[in-house]
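Here is a short briefing to read alongside the model. Please have your viewer open as you go through the points.

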Amino acid sequence: MDFQQPLLRKARWRPAEFVMWAVAFVLPLLVPSHALMINEIAIVGLFAMSLDLILGYTGIVSLGHAAFFGFGAYAAALFAKLVMPDPTVGLLFAIVLSAMLGAVASVTILRGTDLTRLMVTLGTALLLLELANKLDWLTGGADGLQGVVMGPVLGLFEFDLYGRTAAWYSLSVMLLLFLLMRRLVHSPLGATLKAIRDNRLRAMAIGIPVVSRLAVIYTVGAAVAGAAGALLAQTTGFASLDVLAFDRSADVMLMLVIGGVGWLYGGIAGAIVFKLLQDVLSTVTPQYWMFWIGLILVLLVLVGRERLLRPWTWFGARKAVKP
C-alpha cells in the first residue's frame, strides 16, 4: 500500500470547507458595519494557525510567539514609511525578515525541556519588546510608529474607512497561507513532524532528522506569524509596543485552547469565538470581561470541548475503560 494515500485522503477538501470560505469572503458585503471585526478575526486566526504549526503539529510550547508577530508588524510599517507604501511588497518583506528571525531563534528551542523552551521563547519576545522601546528614534517607542500611509492593494483597491478592503485583503492572505500550511502538514514532512511531537527519541531512532525538522517548522511558523503582524500594521496604519506584548502570546494560546490544536481550523475557530466573546463581554461588563472568559476556559478544561457543547452530558457517569 502506498504510504502517501492516507495523507492524500486527509488533504482532500470537504464541501463544507468551500462553503465556509465562500461565506467568509461574502461577509464584508453582508455585514459591512462589522468589516473591521472580520479583518481582525482573519489576522488573529492566521496568527493562531502559525502557533498551531509549532505547538499542535510539532509539540514546541511557546509563550513568546508575539516576537515574530510584532517583528512583522514593525517591518511592514517601517517599509511603508521609509521605502514604499505598496502593501504586497511590504508583506513579502515582513515575511522574509520574520522567517530569518525564526531561523535564528530556532537554535534556542533545539535543546532543553518544555519549561526551558517556555522561558527562552518568552525571553526572546521580551528582548524585542525592550529593543523596540529603546529605539524610539526608529520605532516611535511607547508612542508607537505613526505616519504609516498604505497604498492601494495591487495598485487598484484603496483601503476604505469601513474596512471592507482590509477584510478582503486579510482574508485573501489568510487563505493563501492556509493552503500552503495545509499542504505542508499533509505532506511526508508533516507526518515526520507529528512523529517528533509524539516521541522525539523514537523519531530520531528511525532516522528522522529531528533538528533540521524543528528548525524548518519554527522558521515557517515565524514567517506566518510575521505575515499576520504585517497585516495588522498595514490595515491599521499603526504599530506599537502592544504587538510585542506578552498579552499577544497569551491570547493566541487561549485561542488554540478554545479551538483545539493539531488541526489548522482550530486556530480559526478559536479566533472567532475569542474575539466575539471579547466584543460581547466587554460591551456588557467592560471591567470584568476577562473574568467571564477565564470562567469559560475553566469550564472548557474541566468539562471538555465536546461535552461543553452538550450540557446534558456534564453530570452523567462516564463509561469505565476496560483494561
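The notes below go from the overall fold to single residues.

This is a predicted model, in which local features need pLDDT of at least 70 and side-chain atom pairs count only at pLDDT 80 or more, while totals for chains, interfaces and linings use all residues. Residues are numbered from 1 along each chain as its sequence is written, and side-chain values use heavy atoms, with hydrogens and water left out.

**Overall fold**

- The protein has 15 helices and zero strands; these are DSSP runs numbered from the N terminus, with helices being H or I of at least four residues and strands E of at least two.
- Of the 323 residues, 47% are buried (buried means under 20% relative accessible area, exposed over 50%, partly exposed in between, with a 1.4 Å probe and protein chains only).
- Taking contacts (heavy atoms within 4.5 Å) between residues at least 6 apart in sequence, 75% join residues at least 24 apart.

**Nonpolar core**

- The largest nonpolar core holds 87 residues; such a core is a set of buried Ala, Val, Leu, Ile, Met, Phe, Trp, Tyr and Cys residues joined through side-chain atoms within 4.5 Å.
- Helix α11 gives the most to this core, with 14 residues.
- Leu-46, Met-49, Tyr-74, Leu-91, Met-181 and Leu-264 have the most contacts inside the core.
- Leaving aside residues up to four places away in sequence, Leu-91 touches Tyr-169, Val-173, Ala-227, Ala-230, Leu-231 and Gln-234.

**The α4 and α5 pair**

- Helix α4 (residues 66-82) packs with helix α5 (residues 87-105) at an angle of about 145 degrees, and their axes are 8 Å apart. Here axes are lines fitted to C-alpha atoms over the stretch in contact, and angles run from 0 to 180 degrees between N-to-C directions.
- The contact includes Phe-68, Phe-71 and Phe-79 of α4, and Phe-93, Leu-97 and Leu-101 of α5.
- By type, the residues of this contact are 12 nonpolar, four polar and no charged (Ala, Val, Leu, Ile, Met, Phe, Trp, Tyr, Cys and Pro count as nonpolar, Asp, Glu, Lys and Arg as charged, and the others, Gly among them, as polar).

**Single residues to look up**

- Thr-219 sits in helix α11 (residues 210-236), and a polar atom of the Thr-219 side chain lies 2.7 Å from the backbone oxygen of Ala-215.
- Beyond residues up to four places away in sequence, Thr-219 touches Ala-99, Gly-102 and Ala-103.
- Asp-279 belongs to helix α13 (residues 264-284) and is partly exposed, with a relative accessible area of 37%.
- The C-alpha atoms of Asp-279 and Trp-289 are separated by 9.0 Å, with the two residues 10 apart along the chain.

Notes: A polar contact is a pair of N or O atoms within 3.5 Å; within protein, one must be able to donate a hydrogen and the other to accept it, and residues adjacent in sequence count only if both atoms are side-chain atoms.
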